Amino acid sequence: MRALPGLLAARAPTPRLLLLLQCLLATARPSSADGSALDLPFTSLPLREEMMANNFSSESHNISLTEHSSMPVEKNITLERPSNVNLTCQFTTSGDLNAVNVTWKKDSEQLENNYLVSATGSTLYTQYRFTIINSKQMGSYSCFFREEKEQRGTFNFKVPELHGKNKPLISYVGDSTVLTCKCQNCFPLNWTWYSTNGSIKVPVGVQMNKYVINETYANETKLKITQLLEEDGGSYWCHALFQLGESEEHIELVVLSYLVPLKPFLAIVAEVVLLVATILLCEKYTQKKKKHSGGNFLFCFLYRKSDDSNGIENNVPRHRKNESLGQ
């Protein structure tokens, strides 16, 4: 019977034992300074994303469809930075709204049922909300209404387009030229220039004195090429990096020798020289054959030409003169 109190006493931890256990637990617990992943709670990542999303701008877009729509409706949306997106599709029909099946897809992958569907009168609404934070979330988002036939509305998300020169840029050997690339109402994070070597894009070597890149304005880049050679001609690409993707545009450069524009002029001069030489030779030959005429060959040629052009009018008085002589 005495052993029972001793057993009970052993089970009850003494204050010293409690203090020792607390010290051991404090030693085993990872500190916040060692950067261990265990220091972060499990819900910290979604919470951080939610806090970031609250700082993003909002984009709202909608598409209207009817049961008589013959073609899918598409809407292009340009984004350069992360945004909260609200997409709405409405479908108007004279049939039973409860019989209409509503689905959403990103590109060809069907999205889960995290979208809203509501109805008002004869119009069915569906809404899909999400946050675009990287390039993988860009693409096409489509709403589908399936009744007797399927109606589709598509939202196409893409980064801003770049604008260069549509026509080839022509310059001459030894000159300098400037290639310009712009992005309207957008501000890329970085610009890069490439030249095409066959089918391979090669970064332009700005370390060479031949190339100078000017980025005075955030939405514009200029590539200056000095001391042009014929081999400098070809395709040049400007590349812009955005938070949500990349965009590029190409400019065609043609480098000509100064002899190229002179070729038509030289051809005309050659023709004129040949014509003059032919006329002089013909005139000299005619003067030898017809010294008694004393007339200029060119004058005779023009006279005969004008005489032949008169035709019948010149023959008529001759005929009458002959008749009078016969009488």
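1. Start at one residue pair. Lys 106 stands opposite Glu 109 in β5. Lys 106 falls within strand β4, which spans residues 101-106. The two strands, β4 and β5, pair in the antiparallel sense, over 2 bridges. Keep in mind throughout that this is a predicted model.

2. Now widen the view to the sheet. β4 and β5 belong to an open sheet of 5 strands. Its order is β2-β9-β8-β4-β5, and the pairing is mixed. Which are the edge strands? They are β2 (73-78) and β5 (109-110), and each of them pairs on one side only.

3. Look at Thr 196: its bridge partner in β13 is Lys 201. Together β12 and β13 form a hairpin, with 2 residues between them. The turn contains Gly 198, which has a positive phi of about 75°.

4. Next, the nonpolar core. The largest one holds 46 residues. Which members touch the most other members? They are Trp 104, Phe 145, Phe 157 and Trp 193. Domain 1 (57-158) and domain 2 (162-258) both give residues to this core, so it lies between them. As background, nonpolar side chains tend to be buried together in soluble globular proteins.

5. What does Phe 145 touch, leaving out residues up to four places away in sequence? The list includes Leu 65, Cys 89, Phe 91, Val 100, Val 102 and Leu 124. Gln 90, Asn 101, Thr 126, Glu 150 and Gln 151 are also among the residues that Phe 145 touches.

6. Finally, the protein as a whole. Its secondary structure comes to 6 helices and 17 strands. There are 327 residues, and buried ones make up 26% of them. Take the contacts between residues at least 6 apart in sequence: 66% of these join residues at least 24 apart.

Methods: Residues are numbered from 1 along each chain as its sequence is written. This is a predicted model: local features need pLDDT of at least 70, side-chain atom pairs count only at pLDDT 80 or more; totals for chains, interfaces and linings use all residues. Side-chain values use heavy atoms; hydrogens and water are left out. A nonpolar core is a set of buried Ala, Val, Leu, Ile, Met, Phe, Trp, Tyr and Cys residues joined through side-chain atoms within 4.5 Å. Buried means under 20% relative accessible area, exposed over 50%, partly exposed in between (1.4 Å probe, protein chains only). Domain bounds come from an automatic or database domain assignment. Contact means heavy atoms within 4.5 Å. Two strands pair if DSSP finds at least two bridges between them. Helices (H or I, at least four residues) and strands (E, at least two) are DSSP runs, numbered from the N terminus.
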